[in-house]
Amino acid sequence: MNERVGTSHWGAFRARVEDGRLVATRPFEADPNPPGIAEMIPAAVYHRDRVARPAVRRGWLDGDGGAGRGLDGHVEVPWDEALDIVAGELDRVRRAHGNEAIFGGSYGWASAGRFHHALSQVHRFLNCIGGYTASLGSYSTAAAQAITPHVFGMHFLKLTWGNLNSWETIAEHTETLVMFGGISAKNAQVGLGGATRHQTVDWLRRFAADGMRLVTVGPQRADTPVASDWLPARPGSDTALMLALAHVLESEGLVDRDFLARCTVGYERFRPYLLGESDGQPKTPEWAAEISEIPADTIRELARRMATTRTILTVSWSLQRAENGEQPIWMAAVLAAMLGQIGLPGGGIGYGYGATGGIGNAMKRLQGLALPQGENQVRTAIPVARIADMLFDPGGAYQFNGRDLTYPDIRLIYWAGGNPFHHHQDLNRLKQAWRVPETIVVHEPWWTTTARHADIVLPATTTHEREDIGRANGDPFLFHMAPLIAPVGEARDDYAIFSGLADRLAVGETFTEGRDVEDWLRHLYDRFRQGAAGEGVEVPDFETLKVEGAIELPISGPDHAVVPFTAFRADPDAAPLGTPSGRIEIFSETVAGFGYEDCPGHPVWRAPVEWLGGAAAATYPLHLVSPQPADKLHSQLECALADVPEARPVRMVMHPGDAAARGLASGDIVRVFNDRGACRARLAMSEDIRPGVVAMPTGAWHDADDDGTDLNGNPNVLTRDVGTSRIGQGPSAHSTLVEVAALEDTSP
């Protein structure tokens, strides 16, 4: 028996290996609240859904033009033949149509290891052969990424990671914590590169025990895992509620006008809208009560408390994954500016607490360990969530963040590390769009829905079958990720696959730079050590890391806490922001100049097309929210979880009153449906969700019966595939209405 340390996006674990086989995991000893996700790793690694050998779709071999994707099977071929086919297709497409016709769709989370990060690998390879059409932003934060540079003059992820009050600072100074969308412990289980110490719940418990006023705004009480005041606002109404809070501040003389004058621009342009002078509708608590269903007196009381105590507003990433998703991000900044506490310890605003592991940790930021991707010679890129639009409409015009653009004509999709048939909206529409390209190539360990809809599938190793280095922003640990087991079947790591393709396309030396995996690991690690030394942090050498397996660096704790915007607050002229004015832009001349009705020059309330206050609710009277799952990261490990009979279809939470009105009982298998599609779900009832709302997590692998009903409970057969607005073009998953009914046929 042999036990080794491993790590993953959901954190570190100890793995037991017997006779070369991974048999069990146990929690890493430094984690006070280890998630149980790692328990499923052995079952997933050896699952019958592993891709054993390279495979080519039968219909593609017969020249069906993509019509059979997802319908027919695949033929296994030897590795050399598969690589020859892929290299030939890449060469054909780039010669006949240019590199713009290749879409490098890989996205994010495939590996916690820094070298075998699939996105970096595929983009480096495609850049070596002339480039590719890329995607911009992420499904998690696309709308926020578009708007925050106009408001704060910085990228949203820099705002999230580098400009937040730490948990320690909040504990010491904050009196009122208002959480729009809550602070989710289940989302904080995971983080890009891992989250070794899971402490979010512990911090929230401490806040509550110390007498801090905690307020959760959102449709589920459980969005915050400790007791808090719950304002169960209608989904999509957050901006209206924020406007009403701002109206109280303005009408009752509670605005910090000195801060507005010194540190912001445009309040005088926004104020007439707030008071109704420009549109005839004052944004009063009574007005917002009709929209949000939060009582006007509750809104007034909260606004007064926010103005008279040290208050921090937090905004979850989920709010911007909705129609008009840019607006709550912007309006929260305006509200915080009116309170005047930005730049004070424990005050102001913070985006993303609980969205992913590490956010809120007091940490010295170190750079490095990233595989260089090279330069993309193709300048075309689309907003990440507009894939189906691009495939349906080559040459079609669209607007994005002030630019008039056209969609490229994609002939080949290359995907490594991701499952768009999990996270994209309106999967029935995506299936149709997915049949448009001439060729789709996928690297995958498992036969996911995306793999089953690909023409050429190359079996990739999991993180447990290759050597790597694990490290995450917001985490003090370094891990040597030794291979726990040999590759399953004929799986190869992405680097080996791309090296073979690079040789065939005469760019082998450019791609590898003459290095094997160990050479690259040592090269990246040495660069990281040098950079850390420049920051005053001593990092042990690579051999020591290999022996120890896990090393904690001295980069965390209260000494590394940062109070964001302190220098800016003290002297905005000496420490300006990156906006055109150097100030927080309550009104943006740049955004106003775009001329977008759906996103004018200051934050506004716009009713979504689908929400409980609209006409569509007469037909589909339940608002569906689709949060991240608690039992995995996105759709990873899903094959093993799906083998647990009571786990599939997925659990959908409904208020008991809504269930009773439909004659449903807890545990029933139900049909969830709208005009876009239908899926099965297992009903669970709770008083902790507001009436009129149902919650079904993402992550189930899409698998439909003959009628098109998803059997496993993937909510994205129901969600609407439209952009948040013309400025962000992000996903609008949380603007979805459905109905739920009993399902007579509940056979597997």
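Select glycine 131 to begin: its relative accessible area is 0%, so it is buried (buried means under 20% relative accessible area, exposed over 50%, partly exposed in between, with a 1.4 Å probe and protein chains only). You are looking at a predicted model, where local features need pLDDT of at least 70, side-chain atom pairs count only at pLDDT 80 or more, and totals for chains, interfaces and linings use all residues. Residues are numbered from 1 along each chain as its sequence is written, and side-chain values use heavy atoms, with hydrogens and water left out.

Stay on glycine 131, which sits in the loop between α4 (118-128) and β7 (134-136). Helices (H or I, at least four residues) and strands (E, at least two) are DSSP runs, numbered from the N terminus. Now show its contacts, meaning heavy atoms within 4.5 Å: beyond the neighbours within four places in sequence, glycine 131 touches Asn99, Leu126, Asn376, Gln377 and Val378.

Next, jump to threonine 7 in strand β1 (residues 2-8). Threonine 7 counts as buried because its relative accessibility is 2%. With neighbours within four places in sequence set aside, threonine 7 is in contact with Ala12, Phe13, Gly470, Phe479 and Met481.

Time for the largest nonpolar core, which has 85 residues. Such a core is a set of buried Ala, Val, Leu, Ile, Met, Phe, Trp, Tyr and Cys residues joined through side-chain atoms within 4.5 Å. Select Phe152, Leu177, Phe207, Phe270, Leu335, Met338 and Tyr351, the members that touch the most others. Then colour helix α14 (residues 326-339), the biggest giver to this core with eleven residues. Zoom in on phenylalanine 270: leaving out residues up to four places away in sequence, it touches Leu243, Met331, Val334, Met338, Ile586, His602 and Pro603. Another core, of 57 residues, lies apart from this one, and Cys128, Tyr525, Phe542 and Ile551 are among its members.

Phe270 also leads you to helix α11 (residues 267-275), whose buried residues are Tyr267, Phe270, Tyr273, Leu274 and Leu275. Their cover includes α9, α10 (257-263), β11 (264-265) and α14.

Now bring up helix α9 (residues 238-251) with helix α13 (residues 296-308): they pack at an angle of about 65°, their axes 9 Å apart. Axes here are lines fitted to C-alpha atoms, for helices over the stretch in contact, and angles run from 0 to 180 degrees between N-to-C directions. To see the contact, select Leu241, Ala244, Leu245, Val248 and Leu249 of α9, plus Ile299, Arg300, Leu302, Ala303, Met306 and Ala307 of α13.

Most residues other than glycine have a negative phi, and most peptide bonds are trans. Asparagine 324 isn't a glycine, yet its phi is positive, about 60°. Find asparagine 324 in the loop between β12 (311-315) and α14; at 11% relative accessibility, it counts as buried. Leucine 637 likewise has a positive phi, about 70°, without being a glycine. Its place is the loop between β24 (622-625) and α25, and at 7% relative accessibility leucine 637 counts as buried. Finish on proline 649, in the loop between α25 (638-641) and β25 (651-654): the peptide bond from arginine 648 to proline 649 is cis, with omega near 0°.
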